[in-house]
Amino acid sequence: MDAVTSPAAYSELVQRIQRARTLGSVSDLLGWDEQVNLPPGAAEQRAAQLAVMAEVQHAADSDARIGALLAELEANPAALNGDQAAVVRQARKDYDRATRLPPEFVREKAAQGSRGYHAWARARAADDFASYVPVLEKNLELARREAAYLGRGDAPYDYMLDEHDPGLTAAVVDRLFSELKRDLVPLVREITQSPRAEVARRTAARLTGFPAAGQRDFLREVTERIGFDYQRGRIDVSLHPFCSGSGSDVRMTTRYREDQPLDALFGSIHETGHGLYEQGLPAAHLGTALGIHAGMAMHESQSRLWENQVARSRAFWRCFEPRFRELFPAQTAVVNSDELHLAINAVEPTLIRVEADEVTYNLHIVLRFELEKRLFAGELAVRDLPAAWRTAARELLGLEPANDREGVLQDVHWSGGGFGYFPSYCLGNMIAAQLWARVQVLRPGLEDDFARGDFTWLLGWLREHIHSQGRRYPALELVRRVTGEDLSPRHLVAYLRKRYGGLYLG
Ligand code: ZN
């Protein structure tokens with residue numbers, strides 16, 4: 001590091017940020033425990049614990065001393081080196097977010113979030129969108145107000161996107177998604193209309209009766225081999241799979257279905273990708289911009305890269321198929337290697353996002369982004385969402401929901417005001433494909449490594465170029481630095497065409 005004029009101010013800032021982050025990690029752990037271990041009668045007690053922790057953390061985040069330190073450091077920007085400037089920039093953003101929202105607003109938003117969740121669950125169960133309209137209208141209003149408090153009242157949707165992916169704007173997403181849509185819609189039509197699509201679905205359906213214990217052993221071996229460090233993390237069971245924690249304590253979850261053995265496996269590999277990223281962040285800088293991830297799109301790129309580009313490849317299964325058959329001899333006897341590979345890469349358009357394969361998944365996200373963008377622009381009224389959803393589903397997926405449960409009511413995100421989150425999933429796929437193209441140029445024999453069960457080169461490369469960078473750069477700049485070009489959907493389309501074209505259109 002270069003010399004700075006106020007090293008004491010900088011060290012104190014870092015100390016305070018890291019302390020606040022440690023408090024946050026305690027809440028994360030309570031949240032993990034709530035989903036994995038909580039006795040049914042303990043929900044209220046846990047809610048009280050989480051509420052107290054949130055108060056304590058908010059007090060730490062909004063401590064006026066942080067404001068004073070930031071003002072001191074910002075008054076003399078030339079004294080900060082690049083890394084320090086990144087830390088100060090992120091700290092300013094977090095501090096403004098903690099201090100510029102009035103307490104009444106924070107309370108109103110929290111109460112609305114909880115009301116919104118229950119209203120959504122009821123509306124979905126009863127297929128009653130009308131009852132959900134006031135909730136969504138209120139959530140939109142709160143989002144606009146929040147953006148205004150943070151000085152982004154002119155561009156509230158950009159503010160929402162930036163919350164998840166620093167630096168991202170609707171204009172950038174719009175350009176990327178329009179290009180993706182143009183090339184992906186026809187490819188999806190070609191694949192899903194191929195006779196092989198039906199064969200793939202039937203083959204996948206033949207994989208039944210896989211006991212959970214065997215699945216657990218297999219996915220543990222696989223995730224350990226690709227590099228997850230079980231000395232600094234673990235995997236448990238929860239209703240909805242997720243990954244939380246960071247540094248030396250990363251918690252992943254999965255769930256087992258005996259008749260869908262590939263679900264737990266690929267779900268776990270996905271969470272392992274998130275976990276590897278968290279385990280690879282610079283430990284000494286945890287909590288500051290040098291030790292946190294570069295945003296949700298980059299996070300999702302790590303999970304998708306391991307789940308899709310790596311684990312759905314032929315080479316990967318050259319390594320793991322013998323063990324899979326050894327653990328499940330009777331269950332796997334119904335498919336040969338080609339059939340297993342086809343089942344692993346089955347494509348089926350569905351109306352439900354969370355059930356979608358990696359080809360059609362992206363179109364579900366394009367649909368949600370386009371609707372969010374129009375909602376925030378005032379071009380679409382909440383009450384007109386169901387019809388707009390049906391039109392978009394027909395256009396993008398070639399399917400039309402029979403009811404709103406299969407359409408606008410399927411996702412939980414908007415019920416809690418989570419606008420601007422969906423694009424990260426698809427951007428993550430684009431980034432993964434662009435990183436994949438890059439590593440294949442750098443190491444042409446990469447897939448031979450996989451066939452030997454060796455993932456060290458790939459993980460080492462990601463560690464060096466992505467994980468160790470923390471949030472020094474906005475994600476799109478990091479992509480440019482690492483791959484030598486701006487993020488483009490063409491790598492994703494080329495990857496999908498190569499892998500799925502080979503299987504379905506060959
Ligand atoms: Zn994920």
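## How H11 meets H12

Are helices H11 and H12 parallel or oblique to each other? In this predicted model, the axes of H11 (residues 261-280) and H12 (residues 296-310) are 7 Å apart and the two helices pack at an angle of about 135°. H11 and H12 are therefore oblique to each other. Their crossing is right-handed.

## H12 and H18

H12 also packs with H18 (residues 422-442): their axes come within 7 Å and cross at roughly 60°. That angle makes H12 oblique to H18. Here, too, H12 passes H18 in a right-handed crossing.

On H12, the residues that meet H18 include Met296, Ala297, Ser301, Leu305 and Val310. On the H18 side, Tyr425, Leu427, Ile431, Leu435 and Trp436 are among them. The contact of H12 with H18 holds 12 nonpolar, seven polar and two charged residues.

## A stop at Pro7

Back in helix H1 (residues 7-36) you will find Pro7. Pro7 counts as partly exposed, because its relative accessibility is 45%. From Pro7 to Leu73 is a step of 66 residues in sequence, while their C-alpha atoms lie 9.3 Å apart in space.

Key:
Residues are numbered from 1 along each chain as its sequence is written. This is a predicted model: local features need pLDDT of at least 70, side-chain atom pairs count only at pLDDT 80 or more; totals for chains, interfaces and linings use all residues. Side-chain values use heavy atoms; hydrogens and water are left out. Axes are lines fitted to C-alpha atoms, for helices over the stretch in contact, and angles run from 0 to 180 degrees between N-to-C directions. Helices (H or I, at least four residues) and strands (E, at least two) are DSSP runs, numbered from the N terminus. Angles under 35 degrees count as roughly parallel, over 145 as roughly antiparallel, 65 to 115 as roughly perpendicular and the rest as oblique. A crossing is left-handed if the near helix is turned anticlockwise from the far one by less than a right angle, and right-handed if clockwise. Buried means under 20% relative accessible area, exposed over 50%, partly exposed in between (1.4 Å probe, protein chains only). Contact means heavy atoms within 4.5 Å. Ala, Val, Leu, Ile, Met, Phe, Trp, Tyr, Cys and Pro count as nonpolar, Asp, Glu, Lys and Arg as charged, and the others, Gly among them, as polar.
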